[in-house]
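Subject: Structure handover

Hello,

Here is the structure you asked about, with notes on what was found in it. Please read the notes with the structure open.

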Amino acid sequence: MRDQVLAALAHYGSPALFVTVLIAAIGVPLPVTLLLIVTGSLVAQGAMNLWWAIAIASVGQVAGDQTGYLLGRWGGKKLIARFGGMIGHADRIRQLDERAKNWGGAGVFFSRWLVTTLGPWINLASGAGGYSWLKFTLWDFLGETFGSALYIWLGVVFSDRVEEVGAILGDLTWAIMGVLAAAILGWKLFYRHPRAISTT
Amino acid sequence: MGLWSALSRYRTPLLILAFCLAIASTFFFGYRAGRTARHVRWQNEPIQPWMSVPFVAHVHHTHSEVLFQAIHVPPNPRDRRSIREIARAQKVPASQLIRQLQDALTAQSGKAP
């Protein structure tokens, strides 16, 4: 799949870029970071225009994110009503909703370009949690434009090293996810429930 | 009984396990990123079947005409078909074209001053 997507980008350019980032933003696991870096390389080769590429990538991703948000908004409530009991009582679901609203802006912005694996889930959660559509769209647009510009620019600079740069960024994303997870879990273990540790 | 209440019985051991996994994955991926970054400086990017001939030429800092000739395709910088697509058209495996391109690149680097 990865090779087909990259070959389509190298052959067809902007239309392939738009379709791929849109599908990936909905939740299909495709190598978007590598795709944007290869786009940057194509820009450096003169096969694509820099500003056009950034615009296409941003608009495609925002369109996919909006689809995810709307799916969450329309389908999410029904799913929670049906399977909500599995994750806890009404209090717990309300608590999760509140947390999503409080962290919404930062969560949406950083999941667009820093911890991209969380992006599609945050879209669904934002829709299901009733996070404001206007705020979601604003942070989404800012995050996607920043992310697209950043990765395409990296592709322009390292246009002859796309695979390696893609691999490094992929690993760094997972390392950052690990740091975030460790910070949250550590906070839960050592500050929120310190007694639980001492009795284990 | 909900899934959440079933999990809460083993909450602390699960949290400790997840915490250790998170720390381990941070070190693993951080180390791998560092190792790849060190290799970037001196290693040439390998030719992949998804790359087009002009793309390979750009990555290896050479002219696409030489590479097109190496795989018996009329030189055309606008030909952005992938190596796999060209291989399919020529009814040969992509690995064969990659080897021919690699040989052409080696010959080119031998000619360079």
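I start with helix H2 of chain A, where Ala16(A), Leu17(A), Thr20(A), Val21(A), Leu22(A), Ala24(A) and Ala25(A) are buried. Please keep in mind that this is a predicted model.

H2(A) has 13 residues and spans 19 Å from its first C-alpha to its last, close to the 18 Å expected at 1.5 Å a residue. After H2(A) comes Gly27(A), which has a positive phi near 140°.

In helix H1 of chain A (2-12), the buried residues are Val5(A), Leu6(A), Ala7(A), Leu9(A) and Ala10(A). What do the buried residues of H1(A) pack against? Within chain A, their partners are helix H2 (14-26) and helix H3 (32-44), and in chain B they are helix H3 (53-59) and H5.

Next, the packing of H1(A) on H2(A). In general, two packed helices are described by the angle between their axes and the distance between the axes. The axes of H1(A) and H2(A) cross at roughly 145° and come within 6 Å. H1(A) contributes Val5(A), Ala8(A), Leu9(A) and Tyr12(A) to the contact, while H2(A) contributes Pro15(A), Ala16(A), Leu17(A) and Thr20(A). By class, this contact of H1(A) with H2(A) has 7 nonpolar residues, 1 polar residue and no charged residues.

Now the interface between the two chains. How many residues of chain A are in contact with chain B? There are 33 residues of chain A in contact with 35 residues of chain B. On the side of chain A that touches chain B, the elements giving two or more residues are helix H1 (2-12), helix H8 (162-192) and helix H9 (194-199) of chain A. H8(A) gives the most to that side, with 16 residues. By class, the side of chain A that touches chain B has 17 nonpolar, 8 polar and 8 charged residues. The model scores ipTM 0.77 and pTM 0.81.

Turning to chain B as a whole, there are 6 helices and 0 strands, and from the N terminus on the elements run α-α-α-α-α-α. Chain B has 113 residues, and 23% of them are buried. Among contacts in chain B between residues at least 6 apart in sequence, 51% join residues at least 24 apart. Chain B is divided into domain 1 (3-40) and domain 2 (53-111). The C-alpha centres of these two domains of chain B lie 42 Å apart.

On confidence, chain B averages a pLDDT of 87, and 88% of the residues score at least 70. Which elements of chain B have the lowest and the highest mean pLDDT? The lowest is helix H1 (residues 3-8) of chain B, with 66, and the highest is helix H5 (residues 83-90) of chain B, with 94.

Some loop residues of chain B deserve a look. His61(B) is in the loop between H3 and helix H4 (64-70) of chain B. Phi of His61(B) is positive, near 50°, in a residue other than glycine. Is His61(B) buried or exposed? His61(B) is exposed, because 12 other C-beta atoms lie within 10 Å, and a residue counts as exposed at 12 or fewer.

Thr62(B) also lies in the loop between H3 and H4 of chain B. Thr62(B) counts as partly exposed because it has 16 C-beta neighbours inside 10 Å. Leaving aside neighbours within four places in sequence, Thr62(B) is in contact with Ala57(B), Leu67(B), Leu105(B) and Gln108(B). Ala18(B) is 44 residues from Thr62(B) along the chain, and their C-alpha atoms are separated by 49 Å.

His72(B) is found in the loop between H4 and H5 of chain B. Although His72(B) is not a glycine, its phi is positive, about 60°. His72(B) counts as exposed because it has 11 C-beta neighbours inside 10 Å.

Regards

Methods
Residues numbered from 1 in each chain as written. Chains lettered and ligands numbered in written order. Predicted model: local features only at pLDDT ≥ 70, side-chain atom pairs only at ≥ 80, totals over all residues. Domains from an automatic or database assignment. pLDDT = per-residue confidence, 0-100. Helix = DSSP H or I, 4+ residues; strand = E, 2+ residues; numbered from the N terminus. Contact = placed C-beta atoms within 7 Å. Nonpolar A, V, L, I, M, F, W, Y, C, P; charged D, E, K, R; others polar. Buried ≥ 20, exposed ≤ 12 C-beta atoms within 10 Å, placed from the backbone. Expected span 1.5 Å × (residues − 1). Axes fitted to C-alpha atoms, helices over the stretch in contact; angles between N-to-C directions.
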